[in-house]
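Please look over the sequence and the model before reading on. The report below is meant for someone meeting them for the first time.

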Amino acid sequence: MSKTSRIFLQPHTAVVHQENMIRSRRGFLKGIALGAAAVIAAPVLSRASAYAAEAGGNKVLILYFSHSGNTRRLAGQIHGRVGGDMVELKTVVPYPQDYDAVVDMAQKEQQSNARPQIATEIPNWDEYHTVFIGFPNWWGTMPMPFFTFLEKYSMGDKNVIPFCTHEGSRLGRSESDLRKLCPQAHMLKGFEVRGSRVSSAQKDVDAWLDGLGFPARN
C-alpha cells in the first residue's frame, strides 16, 4: 500500500466491542489543520455534575496540547468562561510541522506505546481541584505526551474534564484511556468539537459548562 493510500483507523466510543472508525490520512491531516465546531455528545462519566459545581470556587487548571492552534483556541474559550490557569503541554522534542511527518510520528508513538519526554512542569499541581484536559484526537485518543504527563502527575481524586478537537472521530477512546490513567478521579462530561468551527464554538462551550455547573463569570 502506498504512503498516500494508507487508511487511518479511529476506534469509536460505542458499546460494540472492537468496532473501528476508518478515517483517511486526509481526514487526519484536516483534523490537525482546521478549527473545530462544538458537538455536545460525550456521555456523562463516573460522577455527577455536582462535582463541577463544587469546583467552581476552587482552583482550576486548563491543561492542553495543541499542534496547529485549534485546541489552544478552544482552551481559551473555556478559560474565558471559568478562569483559573491555562498551561500548554509541550514536549522536549517538538512535533514536526509537516503534515505527513506528524501523522507518521503520532502513529509510531501510539503503536510503540511511547512516552515522549515533556518539557512542561507544574510545581503547584496539588493546588488544583479541577483539571480540564484538552487535546486534538490523534489516532483515536490523546497524543502520547498526555500519557507521559498523567503517569508523572497523579490526578488522585481531582475533577477531570476532557475536551478535544477532531474531524469526525469525536473523543474516540480518550475517555476510557483517561479512566485507566486516572482511576480515582471524578470524571465529568467531556466536550468534543469538529474542525472548522472553533471560532463559533463559544455558545456551545457555554452550554456545556452550564450543564457542568460552572456559573457564568461577570
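The model is predicted, and local features need pLDDT of at least 70, side-chain atom pairs count only at pLDDT 80 or more, and totals for chains, interfaces and linings use all residues. Residues are numbered from 1 along each chain as its sequence is written, and side-chain values use heavy atoms, with hydrogens and water left out.

**A buried strand residue**

Leu-61 belongs to strand S4, which covers residues 60-64; helices (H or I, at least four residues) and strands (E, at least two) are DSSP runs numbered from the N terminus. Leu-61 has a relative accessible area of 0% and is therefore buried, a word that stands for under 20% relative accessible area, with exposed meaning over 50% and partly exposed in between (1.4 Å probe, protein chains only). When neighbours within four places in sequence are left aside, Leu-61 is in contact with Asp-85, Val-87, Ile-122, Trp-125, Tyr-128, Thr-130, Val-131 and Phe-132, contact meaning heavy atoms within 4.5 Å. Between the C-alpha atoms of Leu-61 and Val-82, which are 21 residues apart along the chain, the separation is 9.7 Å.

**Glu-88 and its partners**

Glu-88 is found in strand S5 (residues 85-88), and its relative accessibility of 18% makes Glu-88 count as buried. Beyond four places in sequence, the contacts of Glu-88 are Tyr-64, Ser-66, Arg-72 and Thr-120. With Tyr-64 the side chain of Glu-88 makes a polar contact of 3.5 Å; such a contact is a pair of N or O atoms within 3.5 Å, where within protein one must be able to donate a hydrogen and the other to accept it, and residues adjacent in sequence count only if both atoms are side-chain atoms.

Arg-72 and Glu-88 also form a salt bridge, that is, a side-chain nitrogen of Lys or Arg within 4 Å of a carboxyl oxygen of Asp or Glu. This pair links distant parts of the chain, with Arg-72 in helix H3 (residues 70-82) and Glu-88 in strand S5, 16 residues apart. Arg-72 is partly exposed, at a relative accessible area of 33%.

Both Arg-72 and Glu-88 are among the residues that line the largest pocket, together with others including Phe-65, His-67, Lys-90 and Tyr-95.

**Salt bridges across the chain**

The structure holds 9 salt bridges, and the table gives some of them.

| Pair | Closest N to O distance |
|---|---|
| Arg-72 and Glu-88 | 2.8 Å |
| Arg-115 and Glu-151 | 2.8 Å |

Where do Arg-115 and Glu-151 lie? Arg-115 is in the loop between helix H4 (99-111) and strand S6 (130-136), while Glu-151 is in helix H5 (residues 145-152), so the pair ties together parts that are 36 residues apart in sequence. Arg-115 counts as partly exposed at 32% relative accessibility, and Glu-151 is partly exposed as well, with a relative accessible area of 48%.

Glu-167 counts as buried at 14% relative accessibility, whereas Arg-194, at 38%, counts as partly exposed.

Notes. 1 Å grid on protein atoms, 1.4 Å probe; cavity = no way out; pocket = protein on both sides within 12 Å on 5 of 7 lines; lining within 4 Å.
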